[in-house]
Each structure stands twice: as C-alpha cells, then as structure tokens.
Amino acid sequence: MSLDRTPPARNTTTAPRRLPRFSVPRGLLAGTLVAAALVWGPYVLIPRSSLLSAQIQTGIYLGLLLLTICSRRAKVLAVRILQRYTLNPLFRLLLTIGVNPFGLAILETRGRLSGKTRRVPVGNGRKGDSFWIIAEHGSRAGWVRNIQYDPRVRVRLRIGLRYRWVPGIATIRPDEDALARQRKVIAWHPLRALNAVNVRVLGADLLAVHVKLHLDGAPAGETAPPAGTTAAQPGTPALAYTRN
C-alpha cells in the first residue's frame with residue numbers, strides 16, 4: 001500500500017485587484033485648492049467683496065470634491081447637468097457677441113448614434129498642427145465615444161486674426177499622462193491655466209485626446225460626413241453645444 005504524498009495543486013489564479021471604494025483622482029485636490037484660492041484672493045484683496053459669494057463657491061468646490069470621492073458616476077451626471085443648463089448657454093452668449101475670455105475652441109464630432117453634427121466647447125490646446133484636449137470625464141464623455149466611432153473631427157479656433165474651422169483626425173491616448181500633458185498645455189499659454197483648474201475641479205477621470213490638424217485642408221473625402229447626414233459648413237457659427 002502506497003501513500004500519495006504529493007501536495008495538492010495550488011490555485012495560482014490571481015484575483016483581480018479591486019479599486020478602493022473611496023479615492024481621489026490625481027490633480028483634483030490641487031485643483032480644488034487653487035480654485036478656492038482664486039475665490040478667496042479677491043475677497044481678501046478687494047474691499048467690500050462679498051463674503052457670501054466666496055462661501056457659496058467654496059461650498060460648491062468642496063461638494064464636488066466629496067461627490068467625486070463617493071461616486072464618480074454621480075459627479076459626471078451632476079456636472080453634465082451644470083454644463084448643459086448653465087455653462088454652455090453662457091459660452092453660447094459670449095461667442096455670439098464675439099467674446100472668448102476663456103480661450104476656448106469648439107470641437108465638432110459625428111454622433112455615434114444619430115450621425116448628426118455634435119459640437120462641444122473644449123480648452124484650446126493647440127501647438128502648431130497638434131491640438132490637445134484633456135477630457136474631464138474620460139471615456140464617459142459623449143464626444144470621446146463619438147471619436148471612438150469616427151475619428152474625423154473639426155476644430156473651430158482662431159488662426160491669425162479670424163476664427164475658422166480646421167479638419168483633423170483625433171486619437172484617444174489612454175497611455176498619456178493627462179496631468180503632465182495638461183501642464184505642457186499651460187506652459188504654452190499661461191492664460192489656459194484657468195481652464196485647466198476648471199477641468200480638474202469638474203472632472204472625474206482625466207483623459208488625453210490628440211487631434212492632428214490639417215491646417216491646409218484635409219485630403220479629399222477624409223472629413224466628408226457619412227451618407228445621409230448633414231454637416232455644418234465652414235462658415236457656420238459654432239453655437240450648438242450638445243454632448244451626444
């Protein structure tokens with residue numbers, strides 16, 4: 001009679017690593033502190049500034065911070081509502097009268113479901129024929145999903161003394177350090193720092209997106225819309241903001 005002394009095989013399968021239930025995205029805390037400093041700085045330096053206004057804005061920033069820690073999905077939903085009904089109408093008004101104090105550009109994509117033109121204001125991260133965007137909601141952003149479906153885009157930005165539409169090909173860069181790229185964008189133009197703070201405060205999962213611009217026009221057919229869809233003409237003002 002023989003005894004089998006072979007030890008039982010061990011289960012070498014590694015269980016998937018779980019993310020912490022409560023976590024703070026990189027850059028969010030620093031962005032919140034800078035935003036709060038921008039709120040309280042004028043209150044301290046400018047006589048008769050509104051204390052209530054500073055307190056309300058600080059409360060909003062802290063609320064967004066706590067919401068991000070507890071539920072990033074809820075944060076994205078809340079910010080989308082804020083942008084759709086508050087911020088985007090303001091940007092539409094400013095651009096209608098020819099004012100662009102935040103240095104924004106307009107990104108035009110093709111709706112992955114509807115096939116229609118979709119436009120959204122984004123930070124101006126242009127350097128030469130490269131245009132960088134930091135998506136504040138990562139792959140949850142509708143325009144990012146549109147790019148995954150069709151990378152052909154147009155960007156409306158100022159070239160010289162006038163604004164015009166520039167076609168390009170967008171590429172999502174999940175391996176790019178979004179914060180490092182954002183710092184480079186700020187270095188190109190210090191006035192873009194304000195937009196960077198807003199992206200960090202309002203964002204949940206930052207994602208870098210690169211657009212290769214065709215400043216001299218795209219090759220024939222490259223940016224033609226799919227059959228059965230309509231696209232805005234190059235001279236059409238970018239006033240429709242949707243997040244399909």
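This tour goes from ring pairs to charges over rings and then to pockets.

The model is predicted: local features need pLDDT of at least 70, side-chain atom pairs count only at pLDDT 80 or more, and totals for linings use all residues. Residues are numbered from 1 along each chain, and side-chain values use heavy atoms, without hydrogens and water.

**Stop 1: the ring pair.** Select Trp 40 and Tyr 43. Rings of Phe, Tyr and Trp (its six-membered ring) pair if their centres lie within 6.5 Å; planes under 30 degrees apart are stacked, over 60 edge-to-face, the rest tilted. The count is 1 aromatic pair. The centres of Trp 40 and Tyr 43 are 5.5 Å apart and the planes stand at 90°, so the pair is edge-to-face.

**Stop 2: charges over rings.** Here NZ of Lys or CZ of Arg must be within 6 Å of the ring centre and within 35 degrees of the ring normal. Select Arg 154: it lies over the face of Trp 165, 4.5 Å from the ring centre. Next, show Arg 181, whose charged end sits over the ring of Trp 132, 3.9 Å from its centre.

**Stop 3: the largest pocket.** Select Leu 87, Asn 195, Asn 198, Val 199 and Leu 202, which lie nearest its centre among 45 lining residues. A pocket is an open set of points on a 1 Å grid over the protein atoms alone where a 1.4 Å probe fits, with protein on both sides within 12 Å along at least five of seven lines; lining residues have an atom within 4 Å of a point.
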